[in-house]
Amino acid sequence: MKNCKKKQRENSTLLAGVIEQIRSKFEPFKESELATLARPTISVFISEIGLGENYSEESGLAEKLKNKEELEKATSEDGLKLLKGEVAALKALRREIDPVLSASEKLIEIDPVSKSKELKAKEEELEVLAKALIPSGATLEKLLALIRPANEVCNLHSPETEQCPLCKQALRDSELELFKQYSALLTRELDAAITELQNLLKTAKKSLKVISDSTPSSWAKDSVLPTERTEPVKAVGETIQERFKVGLEIDQDNIGLAASLRNLAEELSKGLRG
């Protein structure tokens, strides 16, 4: 009996010490029952343990702690300077990223290798057409001077009747096709297509130069931003520089790289908005 009473006293003393530690730990959390714990019961502990388990990483604890840290930064002068420095660094990094991002997306849109092949085919087509239609000793402008008034009398591309507008003789399929070729020459559709392709390739050339002249390895140099934020951006930028070059076709890897850089840029912008 004496041993039981002794053990009971020891347990009571130990329990009182534990209760005091719990109250001390939870003192900042005034709404918690543990902050004013006096005579604990099993139900109180079960309830509070459940609350703690629910307030886990999955419930956004990490994000809340990060927000708390950001708020603490802003509550001091040094913290405010730090935040301003981070915002300035984010803006500087975006200025380095954006030209490469725009250039890579423009190259994906143009697909210069494909457009070069298309231009070559159009130029060959124009050359064949010119040789076939322009009489020996004549010029393109002289030929156009003849077919313009003819086109006013008869729609050369789609004649209403399959007859020559001048001699009224029936036109064979080959002659109808010749009329269409005259019409194409008159409207300069092929010429316009070639000019458009040439302009697109000039834009692509400028975009390739933007990427080749960039220095992703030096992005965010001496920046206050943490390396875990800058290194992924630099790595993608360096890979883009390797993959976007004259003569290399645009493939899914190129598209994925540009998308990755776009996502990273958007993440940086979130930091500016925050």
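How many residues does H5 have, and how far does H5 reach from its first C-alpha to its last? In this predicted model, H5 has 22 residues and spans 31 Å between those two atoms. That is close to the 32 Å expected at 1.5 Å a residue.

Next, look at which parts of H5 are buried. The buried residues are Pro112, Val113, Lys115, Leu119, Leu129 and Leu133. An α-helix has 3.6 residues a turn, so residues three or four places apart point the same way.

H8 gives the most, with seven residues. By class, the lining has 11 nonpolar, four polar and four charged residues.

Now turn to helix H4 (residues 77–110), where glutamate 109 has its place. Is glutamate 109 buried or exposed? Glutamate 109 counts as exposed because its relative accessible area is 57%, and the cut-off for exposed is over 50%. Finally, compare sequence and space. Glutamate 109 and alanine 204 lie 95 residues apart in sequence. In space, their C-alpha atoms are 9.5 Å apart.

Conventions: Residues are numbered from 1 along each chain as its sequence is written. This is a predicted model: local features need pLDDT of at least 70, side-chain atom pairs count only at pLDDT 80 or more; totals for chains, interfaces and linings use all residues. Side-chain values use heavy atoms; hydrogens and water are left out. Helices (H or I, at least four residues) and strands (E, at least two) are DSSP runs, numbered from the N terminus. Ala, Val, Leu, Ile, Met, Phe, Trp, Tyr, Cys and Pro count as nonpolar, Asp, Glu, Lys and Arg as charged, and the others, Gly among them, as polar. The expected span of a helix is 1.5 Å times one less than its number of residues. Buried means under 20% relative accessible area, exposed over 50%, partly exposed in between (1.4 Å probe, protein chains only).
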